[in-house]
Amino acid sequence: MTMQKQSLFSFSLALLVSFLYFTNSSAQLSPAASPLKPPQSTPTPPAAAPKPLVPSLPESPSDATPDTAAAVDIVGILRQAKSFNILIRLMKTTQLINQLNAQLLTTKSGGITILAPDDSAFSELKAGFLNSLSDGQKLELLQFHVLSEYVSSSNFDTLTNPVRTLAGAKPGKVELNVISYGGSVNISTGEVNTTITGIVYTDKHLAIYKVGKVLLPMDFFTVAKAPAKSPSLAPEPSAKAPKADKENSLSPDSSESSQINSTKDNSGTVKTIVYGKWLSLVLGVILVTVFSS
């Protein structure tokens, strides 16, 4: 009996030691549980950029354009586009390019936007039109193509009409109206209607857009056009017209009366001659009788 108890005790002790050994071994083999990390919030994707209202031309730069106004060469950009030779020449002769470069270098400037007609647009003008303009008018024509602020391709619908240009504020003369709808931008001057056909260049200070026609201000045509003649009024019926008819109708009578008067004068003259002859004859008879006696 004692032997059975000792055997049972030894078996239990061996089982306990084995359990403790395996427990320690598994604790050493298993990695330490990493602390729970707080759940990370999913970042919100940035809002999509507004879709441009005008398409990009093959010459337009990529988004990697340096954001430095001093490094921008307007003439170089237009020359690289290879279809704005007339515009470049006019910018140089009128010295507008100096004004634009100075405005880009001004830190307080909000940038500029150039609406650039290409050579084909200038060729559609009436022959000799540019040569008929004075130097001041040529400068005003080019200034009419420059907005005094930077307008991105997706912000034309935020402009307030009439849009102010470098040509100044002359109501009814140099007004530029911009309307954007249906993915296109329409421009009207009162004399010319056209659209923006593409982007030549854009950054955060300068934007150059190609337009289909030369923008002609109303100021050029208010002087050139002769004032319309007022329609002549139809002669009102008056007493003069019937009077003329009356005079015409009475003219035969008046001629007849003049003939009668002339006849009466002639008959009086004849009577006077006849009476004179009879008087002379009577006096002659009396004188003969006296001398005979």
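Predicted model: local features only at pLDDT ≥ 70, side-chain atom pairs only at ≥ 80, totals over all residues.
## A loop between two helices

Lysine 82 lies in the loop between α2 and α3. Most residues other than glycine have a negative phi, and most peptide bonds are trans. Is lysine 82 buried or exposed? Its relative accessible area is 70%. Exposed means over 50%, so lysine 82 counts as exposed.

## How α2 and α3 pack

Two packed helices are described by the angle between their axes and the distance between the axes. Here the helices are α2, residues 74-81, and α3, residues 85-93. Their axes come within 9 Å. They cross at roughly 160°. Angles over 145 degrees count as roughly antiparallel, so that is how α2 and α3 run relative to each other. The crossing of α2 past α3 is left-handed.

Which residues make the contact? From α2 come Val75, Leu78 and Arg79. From α3 come Leu87, Ile88, Met91 and Lys92. Sorted by class, this contact has 5 nonpolar residues, 2 charged residues and no polar ones.

Follow the chain past α3. Glutamine 95 sits in the loop between α3 and α4, and α4 covers 96-105. Glutamine 95 is not a glycine, yet its phi is positive, at about 60°. Glutamine 95 is exposed, with a relative accessible area of 53%.

## One salt bridge

How many salt bridges does the structure hold? It holds 1. The side chains of aspartate 118 and lysine 210 form a salt bridge, with 3.3 Å from N to O. Aspartate 118 belongs to the loop between β1 (112-117) and α5 (119-123). Lysine 210 belongs to strand β6, residues 206-211. The pair therefore ties together parts that are 92 residues apart in sequence.

The two partners can also be described by their accessibility. Aspartate 118 has 7% relative accessibility, so it counts as buried. Lysine 210 has a relative accessible area of 23%, so it is partly exposed.

## A cis peptide bond

Now look at the bond from asparagine 161 to proline 162. This peptide bond is cis, with omega near -5°. Where is proline 162? It lies in the loop between β2 (146-147) and β3 (177-181).

## Around phenylalanine 220

Phenylalanine 220 is part of helix α8, residues 219-224. Its relative accessible area is 9%. Buried means under 20%, so phenylalanine 220 is buried.

What does phenylalanine 220 touch? Leaving out residues up to four places away in sequence, it touches Phe129, Leu133, Gln137, Glu140 and Leu141. Take glutamine 137 as one case. Phenylalanine 220 and glutamine 137 are 83 residues apart in sequence. In space they are 8.1 Å apart, from C-alpha to C-alpha.

## The whole protein

Step back for the overall picture. The secondary structure comes to 9 helices and 6 strands. The protein has 293 residues, and 28% of them count as buried. Aspartate 118 and phenylalanine 220 are among the buried ones.

Last, consider contacts between residues at least 6 apart in sequence. Of these, 67% join residues at least 24 apart.

Key:
Residues numbered from 1 in each chain as written. Heavy atoms only, no water. Axes fitted to C-alpha atoms, helices over the stretch in contact; angles between N-to-C directions. Helix = DSSP H or I, 4+ residues; strand = E, 2+ residues; numbered from the N terminus. Parallel < 35°, antiparallel > 145°, perpendicular 65-115°, else oblique. Left-handed = near helix turned anticlockwise from the far one by under 90°. Contact = heavy atoms within 4.5 Å. Nonpolar A, V, L, I, M, F, W, Y, C, P; charged D, E, K, R; others polar. Salt bridge = Lys/Arg side-chain N within 4 Å of Asp/Glu carboxyl O. Buried < 20%, exposed > 50% of the residue type's maximum accessible area, 1.4 Å probe, protein only.
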